[in-house]
Amino acid sequence: MNKPNTAEGYKNEVTENCERVLVTLLRGLGPWKDSVYLVGGLTPRYLVKAKPPDVPAHAGTGDVDVVVELQMLADTEAYHSLEENFKKLGFERAENNKGEKVSWRWKAKTEDGTTIILELLADDPNKGGGKVQPLPTEGNISALNIPHSSMVFDHHETKEISAELLGGNGMATETIRYADIVSFTCLKAYALDQRHEFKDAHDLVYCIEHADGGIDATAKSFQSARKGKHAAVINEVLGILKKRFANDDAGEGYRKDGPVAVAKFELGEDQEQNERRILRQREASDVIERLLKAIG
C-alpha cells in the first residue's frame with residue numbers, strides 16, 4: 001500500500017477515477033450519505049477553486065479518505081446494512097500494510113483495471129489514534145480512528161460534482177462535503193508530523209499557497225476558528241507548522257523537513273534539480289511564515 005514518493009507517480013486519470021468512486025459511494029449510500037465528509041488527497045481538487053494554467057496542477061491522489069460521523073450513522077434508520085451497500089456498489093475489503101483484509105479499507109476496480117482505495121475514518125476521543133472501531137450499523141464494517149478528524153463536521157464546504165458511476169451506470173450528480181482550509185490544514189499537519197510522507201507536505205502547502213483569497217483570507221479563517229471549540233487543536237497545529245516549516249532557534253525554515261519534503265515530492269531527487277529544489281524549499285517555507293505572521 002506504499003504511496004508514490006514524487007508527483008510523477010500520480011496520474012490525472014487515477015484522480016478522476018477517485019472522484020468517480022466518491023460519487024458512486026454517495027449515490028449508493030442512501031440515508032448515510034450525509035454522514036460522510038471528504039478529507040485527504042482528493043480534497044485539494046475542490047478546495048482550490050482556480051485551475052491550471054492559473055495555478056500549478058495539484059499532484060492528485062490514488063485513494064479516497066472519508067470521515068464518518070458516528071452519531072449520524074447511529075441515528076439513521078437503516079434499510080440495509082452498510083456492508084451490504086458497499087458490496088452492492090462493487091466494493092470489497094482491501095488489505096492493510098501487512099496484507100491482511102480489513103473492514104475499514106475498501107477497494108473498487110474501474111473499467112480499465114485501476115484499483116481505487118477507499119478508507120473509512122472516524123474520531124472517537126476514547127480511542128487512541130490508529131485503533132479500529134466498528135461502525136454503528138449491521139454487518140462487519142469499521143473505521144480507523146484519526147484524532148481530531150471530527151473537526152471537519154464544523155469546518156467544511158460543499159460542492160455539487162458530476163461523474164460517471166462505476167459499472168457503466170450513467171452520470172450522477174452528488175453534493176460532497178469536504179474539509180475547508182482550516183480542517184484540511186490541521187489534519188494534514190498532524191499527518192505530516194506523525195508519518196512524514198512527502199505528499200502530505202505538498203498537499204498542505206499547495207492548498208495554503210493557492211486558496212481563494214490568498215493567505216490573508218486563510219489567516220482570517222484561522223483567526224475565526226481559534227475563537228471556537230477547536231481552538232486548542234488549531235493552536236497545536238500552528239506550533240507544528242512553525243516547527244516543520246518556519247525560522248526559529250532550531251534553524252532556517254527552508255532547511256527543515258517540511259519544505260524539503262515539498263521540494264523532493266514535486267521535483268524529485270535528481271542532483272541536477274538542486275537549485276530548483278532549494279528555491280522551492282524557500283517558497284514553501286515563506287508560504288507558512290506568511291500565514292503564521294498573518295494569523296498573529
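In the predicted model, histidine 148 lies in the loop that connects β7 (142-145) with β8 (156-164). Although histidine 148 is not a glycine, its phi is positive, at about 75 degrees. The residue counts as partly exposed, with a relative accessibility of 28%. A second case is histidine 196, located in the loop between α5 (181-195) and α6 (198-210). Histidine 196 is likewise not a glycine and has a positive phi of about 50 degrees; at 37% relative accessibility, histidine 196 is partly exposed. Most residues other than glycine have a negative phi, and most peptide bonds are trans. The peptide bond between proline 52 and proline 53 is cis, with omega at about 10 degrees. Proline 53 is placed in the loop between α2 (44-47) and β2 (63-68).

Glutamate 19 belongs to helix α1 (residues 12-28) and is buried, its relative accessible area being 11%. The side chain of glutamate 19 makes a polar contact of 2.7 Å with the side chain of tyrosine 46. Beyond neighbours within four places in sequence, the contacts of glutamate 19 are Leu42, Arg45, Tyr46, Ile161, Ser162 and Ala163.

With a cut-off of 2.5 Å between cysteine sulfur atoms, the number of disulfides is zero. For cysteine 18, the nearest cysteine sulfur belongs to cysteine 207 and is 15 Å away. Cysteine 18 is buried, with a relative accessible area of 0%. Cysteine 186 is also in no disulfide, the nearest cysteine sulfur being that of cysteine 207 at 13 Å. Cysteine 186 is buried, with a relative accessible area of 0%.

Terms used
Residues are numbered from 1 along each chain as its sequence is written. This is a predicted model: local features need pLDDT of at least 70, side-chain atom pairs count only at pLDDT 80 or more; totals for chains, interfaces and linings use all residues. Side-chain values use heavy atoms; hydrogens and water are left out. Buried means under 20% relative accessible area, exposed over 50%, partly exposed in between (1.4 Å probe, protein chains only). Helices (H or I, at least four residues) and strands (E, at least two) are DSSP runs, numbered from the N terminus. A polar contact is a pair of N or O atoms within 3.5 Å; within protein, one must be able to donate a hydrogen and the other to accept it, and residues adjacent in sequence count only if both atoms are side-chain atoms. Contact means heavy atoms within 4.5 Å.
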